[in-house]
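Grab a pencil and open the model next to this page. Try each task yourself before you read the solution.

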Amino acid sequence: MKILGIDPGLKATGYGFIEYRNDRSRLIEAGVIEPKPRDPFPQRIETLYRNLRELMEFHRPQVLVLEKLYAHYKHPTTACIMGHARGVICLLCAQLKVRFEECSVKRIRQAVVGNGNASKEQTLSMVGRILQIDGEKLTLDASDALALALGYVHFLRRKI
């Protein structure tokens, strides 16, 4: 099963594809989509859409795991902006007929690191260990995306 984890954002969207087979997870590809900050808002959304669509059409994931939207009362605008990125991702799932799942950051970090309040750096370190890759080669956004995919595997295994 191919699983795509996405850590959404308009400055940087982390993505990570893993394959889960025979009780093992293997890295396929991970990276970050970074629209140009000076581009108009619609152009940044289009860049995110186009790049994610290309990746999804190439790798053909069966499941996409998206970070649940967290809105802090002090930063309501951030939630609105994130909603645009999430909308693009949900649209792609519908268009490409990919199963959509979402999960909170705390729940994912609890599953992957063993601590729901783990830092991004701790998450990166654990993702590197689990996938047997050099964590230095990952950005924090890409490792968060991979953590989403790995967390989904954890939840799958608990259901079996």
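**Exercise 1: the second largest pocket**

Which helices and which strand each supply at least two residues of the lining of the second largest pocket?

*Solution.* 
- Step 1: The contributors are strand S3 (24–33) and helices H3, H4 and H5, each with at least two lining residues. Helices (H or I, at least four residues) and strands (E, at least two) are DSSP runs, numbered from the N terminus. A pocket is an open set of points on a 1 Å grid over the protein atoms alone, with protein on both sides within 12 Å along at least five of seven lines; a cavity is a set where a 1.4 Å probe fits but cannot get out, and lining residues have an atom within 4 Å of a point.
- Step 2: H5 gives the most, with 4 residues.
- Step 3: The space inside this pocket is about 330 Å³. It has 14 lining residues, and Arg24, Ser25, Ile130, Leu150 and Arg157 are the closest to its centre.
- Step 4: Sort the lining by type and you get 7 nonpolar, 3 polar and 4 charged residues. Here Ala, Val, Leu, Ile, Met, Phe, Trp, Tyr, Cys and Pro count as nonpolar, Asp, Glu, Lys and Arg as charged, and the others, Gly among them, as polar.

A note before you go on: this is a predicted model, where local features need pLDDT of at least 70, side-chain atom pairs count only at pLDDT 80 or more, and totals for chains, interfaces and linings use all residues. Residues are numbered from 1 along each chain as its sequence is written, and side-chain values use heavy atoms, with hydrogens and water left out.

**Exercise 2: the neighbours of S1**

Work out which strands are joined to S1 by bridges, and in which direction they run.

*Solution.* 
- Step 1: Take strand S2 (residues 13–21): 6 bridges join S1 to S2, and the two run antiparallel. Two strands pair if DSSP finds at least two bridges between them.
- Step 2: For an example, look at Ile6, whose bridge partner in S2 is Tyr15.
- Step 3: S1 and S2 make a hairpin, with 5 residues between them.
- Step 4: Now take strand S4 (residues 63–67), which runs parallel to S1 and is joined to S1 by 4 bridges. Leu4 stands opposite Leu64 there.
- Step 5: In S1 (residues 2–7), 5 of the 6 residues are buried, so the strand is largely enclosed by the rest of the structure. Buried means under 20% relative accessible area, exposed over 50%, and partly exposed in between (1.4 Å probe, protein chains only).

**Exercise 3: cysteines and a buried leucine**

How many disulfides does the rule give, and is Leu146 buried or exposed?

*Solution.* 
- Step 1: A disulfide is a pair of cysteine sulfur atoms within 2.5 Å, and the count comes to 0.
- Step 2: Cys93 is in no disulfide, and its nearest cysteine sulfur, that of Cys90, is 6.4 Å away. Cys93 is buried, at 4% relative accessibility.
- Step 3: For Cys103, the closest cysteine sulfur is in Cys90, 15 Å away, so it is too far for a bond. Cys103 is buried too, with a relative accessible area of 5%.
- Step 4: Leu146, in helix H5, has a relative accessible area of 0%, so Leu146 is buried.
- Step 5: Leu146 and Ala30 are 116 residues apart along the chain, yet their C-alpha atoms are separated by 7.4 Å.

Definitions and conventions
Grid points are joined across faces, edges and corners, and a volume is the space filled by probe spheres set on the points.
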